[in-house]
Amino acid sequence: MLRPAQLLLMLGLPLISPAAIPPVDETQVNDLLARMTQAEKIGQLSQGVINTPEEVAAASLLVREGRRGSFILSASAEQAATFRNQLQKVALEQSRLRVPLIFGYDAIHGYRTTFPIPLGLAAAWDAALVERAQAVSARETRAAGIDWTFAPMCDLARDPRWGRVAETFGEDPYLGARLAAASVRGFQGDNPAAPDRVAATLKHYVGYSATVGGRDYNATDVTPFSLRNAHLPAFQAGVAAGALSVMSGFNATDGIPAVADHHALTNILRGEWGFNGFVVSDWTSVEEAIAWGYAADRAAAARLALTAGNDMEMVSTTFEETLPAQLARGDLSPALLDEAVRRVLRGKLRAGVFAQPYTDPAALDRVALAPDALATAREAAARSIVLLKNNGTLPLAATARRIALIGPLADDAGEMLGTWPGHGRPGDVVTLAAALRQRLPASTRLDVEFGCELLETGPRTRALTDGSIVSDPAAEVDAAKAKKRWSSALAAARRADVIIAAVGEPRGWSGENASRAELDLTGRQSGLLAALAATGKPLVVVVFSGRPLVLTNVAAQSQALLQAWHPGLQGGPALAALLYGDQEPTGRLPISFPRANGQVPIYYNHAMTGRPTMVDYRDLTRAPLFPFGFGLGYTEFTYGAAEISTPPDGPAVARTIITNTGKRPGQTVAQFYVRDVACSVGARPVQELRGWETLTLAPGESRTVSFPLDSAALGFTDRQGRWLVEPGDFQVWIAPHAGTGTPLPYRLEKAL
Ligand code: NOJ
């Protein structure tokens, strides 16, 4: 049963049927399948990794025998195309059936042109921009000899301790779904086989982000209702946008590893949504079904994964080792194997590897860092940065004669690249220090000071999971040098008219396997900021991080605060333009910023409670420091009281007038939130985003925004995947962020 229509309407997405993915020649698929031995079939479902010439040589032996159908190609940008061509030549000239290999890679936020991390991209609230960024990434990735990217991530970010929130589009299912679909369009265009496009992967299916305690690779608890309404929408949107593949997650919900979750992989993904691409596991996650206590042994792991609907095994080799005997014993049906192979072959055809098996090794040089790529990276960086506080210090006055730029991230190119930099290079990054030097008025002097190390915490050791203690090289700091840097930074601060502090967390402290228990600035940066604030000079803080940090003290100590994420190659020029007001800050938070570590997990769209006024802590409010959707500009907007009108011939409409009441042109993101006051089926959120509109207004200008109160706005998905709209009371908001606005009551008299 296909049920995508309502959800897709809710997302404002065209109703592309997954069946509309370019059809493939099924005769070719079936002919090939008919000629394959069982071992060759299993080979098509087995993915290896190559990084070095030695690995290419070893892989060649397997490819010659038809024992590998795919590789992760994470070799350097210079070597990738050559390695691809070498192995592809073996597949096409030495293997029996000459089936080309498909090469995958994690081009998550860029290949050579590194964009802001996905969480930063999401802060632009601009699907078209995300699509353009991913199209640039696709062009460079394909040129490097890669057919298939392991992106977009469709996981929902609710716990900032989890390092992988950096890779998400934030905490909202609606925003996330819109941006996941846009990413698929950017990667694949109309034809994923085109020379400037790649196949996309929706990952990690499903519920990986609900990891208990925010610890990566941990068990997950996802209720059937939140699975449907929070975790699945982005995947469904990505399927509808035509994604060729899905990656199953590392997690296990209710004890069932995602790689072996038949309900998710077969009933929902294929049965309900009609997905006809292929599913790849995550790295060794098939064999990890044993560690989860679900599969008794390697044979069970392979059988459970394949039976659940996981077609390709990444890195571990349980398929190759155990499927032949299981098939021989009749523990597995050969038809199941055939169907998985068909899906992979279709994927290869659609991704263009049969038509274009080889890559021109010079192609990447022709397209890498093209002017439009850098312009898009600059635009994306500027649009991703969120102004969180400003007492008027920004934009910087041209009259500031002396600026002290202080902090470990002022001039660190490598750290700007973020968690999945692709093959972005520090040498191509323009840091904030470099960009400010370019932008400063001639009369302004810039002092750049390091201040302190990102990870300078004194003597330090680290306990590994096996109980051994190792020293942390980051702690080996020359004390005399550290002291000198600190005092030199403070001296520069005292001389300055304005201090800009560039602080945050290392890029390696977000992303995979990078959970944090404390979400503060790392090392001695908090102390540095306190010392800078104590000078009494105006303090502008720029935070570079892969997640929301706890910025309560930082906000209190600063006159202006910008969240810059890890902004990619063009973060410096983007920041310089915003700091000087050449461009308005327009970013809006795609994730809540906690006031204290103890508040997490924290997200605006949490479920209702029986005692809504009593859910604070003894020692702290429940409110975040900065709510979802929040962000300032250099002008002010007034939102009028919302009202509802009911035209005779269509759904009711909520609308309001928004006015730019400030002195500069600017942009606001009018956000439309809904609460279903009583729901017979499950825990509805206190508020949920169901639309937004970005307005650019001149000073004094007003405009009306309106949002229809239709089925797409008011409905939800039940546990069986049906879209329901229940008559009764609703509340609606049109507001500049989730933490403000007066709810407007609305009564839906009859079902839509
Ligand atoms: C593990 C990660 O979880 C996944 O996101 C990535 O695509 C694969 N490794 C391949 O690198």
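Residues are numbered from 1 along each chain as its sequence is written, and side-chain values use heavy atoms, with hydrogens and water left out. Because the model is predicted, local features need pLDDT of at least 70 and side-chain atom pairs count only at pLDDT 80 or more, while totals for chains, interfaces and linings use all residues.

**Ligand site**

A side-chain N or O atom of Asp106 is 2.4 Å from a ligand oxygen. For Asp282, a side-chain N or O atom is 2.5 Å from an oxygen atom of the ligand. At His204, a polar side-chain atom lies 2.7 Å from a ligand oxygen. On its own the ligand has 300 Å² of accessible area, of which the protein covers 95%; the areas come from the Shrake-Rupley method with a 1.4 Å probe.

**Helix pairs**

Helices (H or I, at least four residues) and strands (E, at least two) are DSSP runs, numbered from the N terminus. Axes are lines fitted to C-alpha atoms, for helices over the stretch in contact, and angles run from 0 to 180 degrees between N-to-C directions.

Select residues 224–231 (helix 9) and 233–240 (helix 10): their axes come within 6 Å and cross at roughly 50°. That makes helix 9 oblique to helix 10. Angles under 35 degrees count as roughly parallel, over 145 as roughly antiparallel, 65 to 115 as roughly perpendicular and the rest as oblique. In contact (heavy atoms within 4.5 Å) are Leu227, Arg228, Asn229, Ala230 and His231 of helix 9 with Pro233, Ala234 and Phe235 of helix 10. These contact residues divide into five nonpolar, two polar and one charged.

Move to helix 13 (residues 298–308) and helix 14 (residues 318–329), whose axes come within 8 Å and cross at roughly 90°. Helix 13 is therefore roughly perpendicular to helix 14. Helix 13 contributes Arg298, Ala299, Ala302, Arg303, Ala305 and Leu306 to the contact, and helix 14 contributes Thr318, Phe319, Glu321, Thr322, Leu323 and Gln326. By class, the residues of this contact are six nonpolar, three polar and three charged.

**Backbone sites**

Select Tyr205 and Val206: the peptide bond between them is cis, with omega near -5°. Val206 is in the loop between strand 5 (201–205) and helix 9. Another cis peptide bond joins Val600 and Pro601, with omega about 0°; Pro601 lies in the loop between helix 22 (571–579) and strand 19 (637–639).

Then select Leu369, a non-glycine residue with a positive phi of about 55°, in the loop between helix 16 (363–367) and helix 17 (371–384). Finish at Asn513, also not a glycine, with a positive phi of about 55°. Asn513 sits in the loop between strand 16 (498–504) and helix 20 (525–534).

How values were computed
A polar contact is a pair of N or O atoms within 3.5 Å; within protein, one must be able to donate a hydrogen and the other to accept it, and residues adjacent in sequence count only if both atoms are side-chain atoms. Ala, Val, Leu, Ile, Met, Phe, Trp, Tyr, Cys and Pro count as nonpolar, Asp, Glu, Lys and Arg as charged, and the others, Gly among them, as polar.
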